[in-house]
Every structure is written in structure tokens, then in C-alpha cells.
Amino acid sequence: MRSTTITVYGIPNCDTVKKARAWLAAQGINHRFHDLKKEGVPADHLRRWLAEVGWEKLINRQGTTWRRLAPEAQAAVDGPAGAADLARQQPSVIKRPVVEWSEGGPVTVGFSAERWAELAAR
């Protein structure tokens, strides 16, 4: 079992987050859950996510939150700065889950059992 801390960022009622957390539990992998709606989006982590995975992958432009945005708000997301502003204002627009696999380790967005198994084995 891993000794490093895995942090899962998401929203508890999100089906993908539920699936991801269940997978981690089934593998016996301890993790900490950070509720983006209740605890907010940590600015230093958001900068890291944007640098590591890119704003295009981090912002869910297929989801309900995005579709409900005014066209002007959508148009303002044209790069990392606009994506960061929107993510802070509307945490639900972040594709979930975002996982930090260790302090300074890789960051993943979304759930993939195959990829996660590789990362968990490290």
C-alpha cells in the first residue's frame, strides 16, 4: 500500500467521483477527499493543475455548469487565466476528479482504472 498521500478533489455527489473513490477503497488505497464546493478551489493547487494538465483538459466544457454559463462567460475562458477565474467562481466546471498522487507527484483529471493502477503501483 502507498505511504504517500493521495488527494482527490471533487464534488461528493458526482458519479465519476463516487466511482473513483470506490475504486481507491477497493484497492486499499488511502486518500483524502477535498470537496471543491465546501472547501473551495485552492489557488496554489489550481495553478499547478493548469500548468500540468492544461486548461482545456481541466475545464469541463461538456457539462451542465458550462452550458448554463452566459456566452460572454464562456468566451472569457480562452486561456489559463480565464479558466482559473471561472474555476474559482464555479468549482463545478472543473472536470472531476482531479487527483494529486503525491506531494509534487503527477496530477490526473477524470477516472481511468488502468492509468490509476499504474500510478498506484509506483
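Which residues of α7 are buried? In this predicted model, the buried residues of helix α7 are G82, A83, A84, L86 and A87. Once neighbours within four places in sequence are set aside, G82 is in contact with A76 and V77. E72 lies ten residues from G82 in sequence, and the C-alpha atoms of the two are 12 Å apart in space.

The overall architecture gives these details their setting. The protein has eight helices and four strands, and from the N terminus its elements follow the order β-α-β-α-α-α-α-α-α-β-β-α. The radius of gyration is 14 Å, close to the 14 Å given by the globule rule for 122 residues, so the protein is as compact as a globular protein of that length. Along the principal axes, the C-alpha atoms fill a box of roughly 45 × 25 × 25 Å. Of the 122 residues, 46% are buried. Among contacts between residues at least 6 apart in sequence, 62% join residues at least 24 apart.

Helix α3, residues 43–53, shows how burial is arranged around a helix axis. Its residues L46, W49, L50 and V53 are buried. Because these four cover an arc of only 100 degrees around the axis, they are on the same side of α3. The face turned away from that buried side carries the exposed residues R47 and A51. The buried residues of α3 are covered by elements that include β1 (7–10), α2 (36–39), α4 (55–58), α7 (80–89), β3 (98–100) and β4. Just after the helix, G54 adopts a positive phi of about 90 degrees.

In soluble globular proteins, nonpolar side chains tend to be buried together. In this model, the largest nonpolar core has 22 residues, and those with the most contacts inside it are L46, W49, L50, L58, W66, I94 and V98. Helices α3, α4 and α7 and strand β4 each supply at least two residues of this core. Apart from this core lies another, of 14 residues, among them C14, L24, V99 and W101. For L50, the contacts beyond its neighbours within four places in sequence are with W55, L58, P80, A83 and A84.

A search of the whole structure finds five aromatic pairs. In one of them, the rings of W23 and F111 have centres 6.2 Å apart and planes at 65 degrees; the pair is edge-to-face because planes over 60 degrees apart are classed in that way. This pair joins distant parts of the chain, since W23 is in helix α1 (residues 15–26), whereas F111 is in the loop between β4 (107–109) and α8 (113–120), 88 residues apart. W23 has a relative accessibility of 14% and so counts as buried, whereas F111, with a relative accessible area of 24%, is partly exposed. W23 also forms an edge-to-face pair with W116, at 5.9 Å centre to centre and 75 degrees between the planes. Here too the pair links distant parts of the chain, with W23 in helix α1 and W116 in helix α8, 93 residues apart. Both W23 and W116 are buried. Ring pairs link W23, W101, F111 and W116 into a cluster. A ring also takes part in a contact of another kind: R21 lies over the face of F33, at 4.0 Å from the ring centre.

With neighbours within four places in sequence left aside, P106 is in contact with R48, E52, V99, E100, W101, L119 and R122. One of these partners, W101, belongs to the aromatic cluster, and both V99 and W101 are among the residues of the 14-residue core. P106 and D44 are 62 residues apart in sequence, with a C-alpha to C-alpha distance of 15 Å.

Methods:
Residues numbered from 1 in each chain as written. Predicted model: local features only at pLDDT ≥ 70, side-chain atom pairs only at ≥ 80, totals over all residues. Heavy atoms only, no water. Phe/Tyr/Trp six-rings, centres within 6.5 Å; stacked < 30°, edge-to-face > 60°. Buried < 20%, exposed > 50% of the residue type's maximum accessible area, 1.4 Å probe, protein only. Lys NZ or Arg CZ within 6 Å of the ring centre and 35° of its normal. Arc of directions from axis to C-beta. Contact = heavy atoms within 4.5 Å. Core = buried A, V, L, I, M, F, W, Y, C linked by side-chain atoms within 4.5 Å. Rg over C-alpha atoms; globule rule 2.2 N^0.38 Å.
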